[in-house]
Every structure is written in structure tokens, then in C-alpha cells.
Amino acid sequence: QVQLVESGGGLVQAGGSLRLSCAASGRTFSNYATAWFRQAPGREREFVSAIIWSSITDYANSVKGRFTVSRDNASATVYLQMNSLKPEDTAVYYCAAGLRLSQQPRAYTAWGQGTQVTVSS
């Protein structure tokens with residue numbers, strides 16, 4: 001099983017940027033697809049972005065052109081660069097790992113504890 005730990009969340013003004021990191025340990029990281037999801041209070045967990053094999057990526061329409069996902073297999077770390085942040089991006093962001101790239105949470109078997117991102121207007 002892969003263990004995941006997120007970091008990099010915080011408070012930022014609208015239009016600002018943050019970079020989230022997800023450090024993985026355990027099984028061979030390069031074999032896994034990794035994804036970012038987010039959950040705002042009172043809302044369901046929603047897909048943000050995913051990456052597999054360091055080159056195949058997927059994004060939710062709401063973040064396309066603003067967020068960039070990347071991974072470094074050598075350090076077993078996944079990143080989410082978030083630019084032009086909006087108040088509606090406020091949520092707890094979770095890193096997840098699974099054997100296939102998907103926008104569905106059920107496809108991922110390992111989850112981090114989450115990191116809070118708050119965007120003020």
C-alpha cells in the first residue's frame with residue numbers, strides 16, 4: 001500500500017498562487033496513477049487533476065489553464081501548481097493513488113489526510 005502526505009496548503013488572496021505537494025512512500029510509486037481531489041464544506045469530493053507515467057494528465061474543466069499537475073518519480077512526489085486562484089477553489093485538497101487514471105474517487109485506494117486551501121476575495 002502507498003502512504004501519502006500532503007503539504008503546501010494555506011491562505012492566499014484571489015489571483016494568487018500555491019503549490020501543493022504530496023509525498024508518497026511504500027510500494028513502487030511510479031506504477032501508480034496519482035490524483036488531486038478537493039472537498040468544500042457541505043459538498044461532495046470532486047476531481048481536480050490526475051497524472052500517470054509523468055506525462056498523461058487530466059484536469060477538471062474548472063481548473064484547466066490555471067492548475068498544473070506534475071510528478072517526480074525519483075522523489076516519489078506529486079505537485080499541484082495552482083495559479084489565478086479563486087474563492088471557489090477554497091476546499092480541503094486530497095492526494096490519492098490508484099492503479100488507473102480516473103476522475104472517480106472509487107478508483108483510488110490510497111488517500112492522504114488533506115491540506116486546507118483558503119482563497120480570500
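Partly exposed, as I use it today, means a relative accessible area between the 20% under which a residue is buried and the 50% over which it is exposed. Hold on to that, because S84 comes out at 42% and so counts as partly exposed. One caution before we go on: this is a predicted model.

Let me stay with S84 for a moment. It sits in the loop between β8 and β9.

A76 is found in the loop between β7 and β8. Is A76 buried or exposed? Buried, because its relative accessibility is 12% and the cut-off for buried is under 20%.

Now the charges. How many salt bridges does a search of the whole structure find? Three. They involve R38, E46, R66 and D89, linked in a network. Let me walk along it.

Start at E46. Its side chain meets that of R38 in a salt bridge, 2.6 Å from N to O. E46 has 28% relative accessibility, so it is partly exposed. R38 has 6%, so it is buried.

Next step, R38 to D89. This salt bridge is 2.9 Å, N to O. Which parts of the chain does it tie together? R38 lies in strand β4, residues 33-39, and D89 lies in the loop between β8 (77-82) and β9 (91-98). The pair therefore ties together parts that are 51 residues apart in sequence. Both R38 and D89 are buried.

The side chains meet in a salt bridge at 2.7 Å, N to O. Here too the pair links distant parts of the chain, 23 residues apart. D89 is in the loop between β8 and β9, while R66 is in the loop between β6 (56-59) and β7 (67-72). R66 is buried, as is D89.

On to S102. Where is S102? In the loop between β9 and β10, with β10 at residues 110-111. S102 is buried, because its relative accessible area is 9% and buried means under 20%. A polar atom of the S102 side chain lies 2.9 Å from the backbone nitrogen of Q104. Leaving aside residues up to four places away in sequence, S102 touches F47, A107 and Y108.

Finally, a sheet. It is open, has four strands, and runs in the order β1-β3-β8-β7 with antiparallel pairing. Which strands stand at the edges? β1, residues 2-7, and β7. Each has a single partner strand, so one side of each is left without a neighbour in the sheet. Neighbouring strands here are turned by 15° against each other on average, direction ignored.

Strands of a sheet pair through backbone hydrogen bonds, in a parallel or an antiparallel way.

Look at one pair in detail. β1 and β3, the latter at residues 18-26, pair in the antiparallel sense over six bridges. Within that region, S7 stands opposite S21 in β3.

To close, two things to find on the screen. One is the network of salt bridges through R38, E46, R66 and D89. The other is the open sheet of four strands, β1-β3-β8-β7.

How values were computed. Residues are numbered from 1 along each chain as its sequence is written. This is a predicted model: local features need pLDDT of at least 70, side-chain atom pairs count only at pLDDT 80 or more; totals for chains, interfaces and linings use all residues. Side-chain values use heavy atoms; hydrogens and water are left out. A salt bridge is a side-chain nitrogen of Lys or Arg within 4 Å of a carboxyl oxygen of Asp or Glu. Buried means under 20% relative accessible area, exposed over 50%, partly exposed in between (1.4 Å probe, protein chains only). Helices (H or I, at least four residues) and strands (E, at least two) are DSSP runs, numbered from the N terminus. A polar contact is a pair of N or O atoms within 3.5 Å; within protein, one must be able to donate a hydrogen and the other to accept it, and residues adjacent in sequence count only if both atoms are side-chain atoms. Contact means heavy atoms within 4.5 Å. Two strands pair if DSSP finds at least two bridges between them. Axes are lines fitted to C-alpha atoms, for helices over the stretch in contact, and angles run from 0 to 180 degrees between N-to-C directions.
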